[in-house]
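Let us learn to read a structure by asking about its features one at a time. Please look at the chains first.

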Amino acid sequence: MTVQATQRSRFNSQGITTYLKTLIPPVVAIAIFLILWQVLTMTTGTLLPSPVRTVQEAGDLIFDPFFDNGGTAKGLFWQVLTSLRRVAIGFTLAAIVGVAVGVLIGTSELMFRALDPIFQVLRTVPPLAWLPLSLAAFQQANPSAIFVIFITAIWPIILNTAEGVRRIPQDYNNVARVLKLSKQKYFFKILFPATVPYIFTGLRIGIGLSWLAIVAAEMLIGGVGIGFFIWDAWNSSRVSDIIVAIVYVGIVGLLLDRLVSYIGSKVVPEEQKVG
Amino acid sequence: MSVFVEIDHVDRVFALADGGQYVALKNIDLKIQKGEFVSLVGHSGCGKSTLLNILSGLDRPSTGGVILEGREVKGPGPDRMVVFQNYSLLPWLTVRENISLAVDEVLGTTPESERKEIIEQHINMVGLRHAADKLPGQISGGMKQRVAIARALAIRPKLLLLDEPFGALDALTRGGLQEQLMRICEESQVTCVMVTHDVDEALLLSDRVVLLTNGPEAHIGQIVDVPFPRPRHRMEVVNHPNYYGLRGEIVYFLNQQKRAKKRKAEPVVAVARNGLEKVNLDLGFIPLTDCAPMVIAKEKGFFERHGLTDVTLSREPSWKAIAEGVTSKRLDGAVMLAGLPIGLTLGMGNHSPLPMVSSIVLSRNGNAITFSKRLYDEGVRNLADFKGVIARSSDKVPTLGMVHPASMHNLMLRYWLASGDIDPDRDVSLTMIPPAQMVSNLKAGNIDGYCVGEPWNSRAIHEDLGFIMATDLDLWQGHVEKVLGVREDWANQYPQTHLSLIKALLEACEFCDDRRNREEVLEILCRPEYVGSDPIYTRPGLIDPYEFGGGMESKQLLRFNQFYVDHTNCPNRSESLWIMTQLARWGITAFPKNWIEVLERINRLDLYWEATRQLGLPQIEPNRHPFALFDGVTFDPDEPMEYLNSLPIRREVQIQEISLDSLVTA
């Protein structure tokens, strides 16, 4: 018992040490950053608020993200939620269409040759360049924003899925050929599971791009949403609000990325992780 | 048994990126019986796996085809299941799901309950009940390979193909799995083809080991039959008296291939010097007392005296290796059995005829027939007694060893047996064993007797394992035994070199036959790089009185090893013709319709006379007249067919025109 107890305590102390080791450096870095920020805004004659002033001015935003005063005057939680809803719709559509098209061009050499050049050109188009076109097509703000998300997120999903299909190990295909697996069984038992790691790589890149695109798109289309909130704050010279909103955007973006990769790690078997 | 799988003249050519071609496999021809276990062994990149893929249908041959039970293989299918090198389990399916994926797909028509039973039965068979619900990532490499084997066997393939199945496993796991695979294969009687690097694994598991040469243009170099009885156990196999012989044969083949690869990297150039076209010669010999002239020519400087300043002697494990070495141009020439140049020229063993030249005889006599102690105890003293033993024990056919089908040992043993009304193919079983392994096989009881050259008879006498039934002085005194054999194209390319070789060997033969030199000859022969035998049992016959064992008195046989005296060295076409009649008599080769032409091409007497003239030796040609062996039946060299037809016991004799000129390449 005593031996076990001492061992456990040693493990615990070791656990705490490693925990501290990972925690202290970023905390120190943030502190230095804040101090620098404070010093610089105090010494130079800039419009930018110091961290202390930011907290004072935008306190309500930070401490109460859930207020709703009607119209666009809503707490940051609601603003972010609206943006997330758009991303969710656009990204889901992109995932469904992207995986389907990716499998298509991955399995068919002909389709790959036909479509790959088009995709290579389209994927380099910046997200916002699509906005006028989608506004012209949909005539409405919301579907246009969703379309921009869709068109931004779809390319990495298509290309990674196609790559995954083309990189299915020859061994698995040989197993399928020797067993003479039916098309349907081949798809569900071999092709799809083998491609999953690549699909998730595509999804992770896609979600990051979506979040980048939504902020920019919302600035232009207006209404509720974190993007327009920032633009609105600029117009009303609420610079402190902008800073708070940017912190929110950053944290949400990080969480989205971590969420997709977490799901990926749960779905993809250990052996198959893409190095 | 009928042919189950036939690989019919398969070539596989890959197109290269630069527009060229790479011929991976060339003319692979192999027939596999039902239930047989065949291993493919060769160096990396020799196309073993390509051949396996062609068998499975995953790859297609460029020419030729694979026929399974009379139908051509046109694509992959579950009747030819593969156990892949890296297991190829699907990592997202559990052990059970991996097996059931295969079973459900292939045996889809059988009721579900039955399929379930098959799956569970095979999981149990490979002992993975406890891991049935684990993912492949959670189990060890050995377990994964067991799953792969279970998956393959569960769908009941006609042919199981294994691609280095145990290559990635540690030695302990590998050993266990080999035994398991062997047991499973024996139980389910499945036909298997396995690719492996591991010689011991191949010997343990296979009925036949197919050795592939190096690529490009890899082909079957040799097929080794593995005669161990089944069911096998590792220790029994390893302790089998033939084990090390077979293992040595395979390792030798692989080493030759490795050397061939190196040689290709730095091709041997003929070094012309001393007025000769080529002074760097590789000459082969087999460790036997009568390799003496070659060894003495090297050690006593006869080669150097005639300008051959860079001669390497290559000790070969078997006559087969000698034949292969000369055919493949690895060797410039060799001390050969008298029948070997003739057999090669006539296209023995389904090879295409390879014209050979043999212009000097190196020794006469020197062989004996040894029978085992057991036969002695049964009262065998002569051929009639032996016939009585064969008649009494109808259930067991005595096995006798000989060294090569074209050897005088084989031909004279057969002649001797036939003279006693014993059919050498039906009443006894003749098996081919390299000379150096005769004694151990006799000791192990694999054979009941043999005919071989010295020191391998005297050694058996010395170890009290048997007794001498007859020496060849009793059967045919002064018969041709060992000759120098070279390819005809070699002889044409290097005529002066060939002549110097003959002259050096002639002088060496004279040296060896002088009894004053015999002690020195003995000392050199017993060196480990040559025969490496103990002088005690190398002396009888060569120096000391010959010992017969079995309580018989030893006798001084002055002509037992005859190297020079009495026209030893002059090739005698009548003897060669007699050999041809015997090769045809036992169906080893066809009898050449154009035998006069063939004889003149092989026994180039003009070269022999030129050599003796240059050495200033007397040029007396032995008389050409009919002769007879011990039984008094006269052989008339003008009427070989009549002689052949008069022999009582014989196989069906084939007569063929052997066209040699179409084959001569510049």
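Q: What should I know before starting?
A: This is a predicted model, where local features need pLDDT of at least 70 and side-chain atom pairs count only at pLDDT 80 or more, while totals for chains, interfaces and linings use all residues. Residues are numbered from 1 along each chain as its sequence is written, chains are lettered from A and ligands numbered from 1 in the order in which they are written, and side-chain values use heavy atoms, without hydrogens and water.

Q: In what order do the 6 strands of the open sheet in chain B stand?
A: Strands (E, at least two residues) and helices (H or I, at least four) are DSSP runs, numbered from the N terminus. Two strands pair if DSSP finds at least two bridges between them. Here the order is β6-β7-β8-β3-β9-β10 in chain B, with mixed pairing. β6 (80–83) and β10 (220–225) of chain B each have a single partner strand, so one side of each lacks a neighbour in the sheet. From one strand to the next, the twist averages 20°. Angles run from 0 to 180 degrees between N-to-C directions, using lines fitted to C-alpha atoms, for helices over the stretch in contact.

Q: How many bridges join β9 of chain B to β10(B)?
A: There are 5, and the two strands run antiparallel. B:Leu212 faces B:Ile220 in β10(B).

Q: Which helix packs on this sheet?
A: Contact means heavy atoms within 4.5 Å. Helix α1 (residues 48–56) of chain B touches β3, β6, β7, β8 and β9 of chain B. The direction of α1 makes about 155° with that of β7(B).

Q: What is the strand order in the open sheet of 5 strands?
A: In chain B it is β18-β17-β19-β16-β20, again with mixed pairing. β18 (429–432) and β20 (466–471) of chain B are the edges. Strand β16 (residues 367–372) of chain B pairs with β20(B) over 5 bridges, in the antiparallel sense. Within that pair, B:Thr370 stands opposite B:Ile468.

Q: How much area do chain A and chain B bury between them?
A: Interface size is often given as the accessible area lost when the parts come together. Buried area uses a 1.4 Å probe and is summed over both parts. Chain A and chain B bury about 1,900 Å², 69% of it on carbon and sulfur atoms. The contact takes 18 residues from chain A and 25 residues from chain B.

Q: Which side chains meet in a salt bridge?
A: A salt bridge puts a side-chain nitrogen of Lys or Arg within 4 Å of a carboxyl oxygen of Asp or Glu. A:Lys185 and B:Glu105 form one, at 3.3 Å from N to O. The count between the chains is 1.

Technical notes:
Buried area is the accessible area (1.4 Å probe) that two parts lose on being put together, summed over both.
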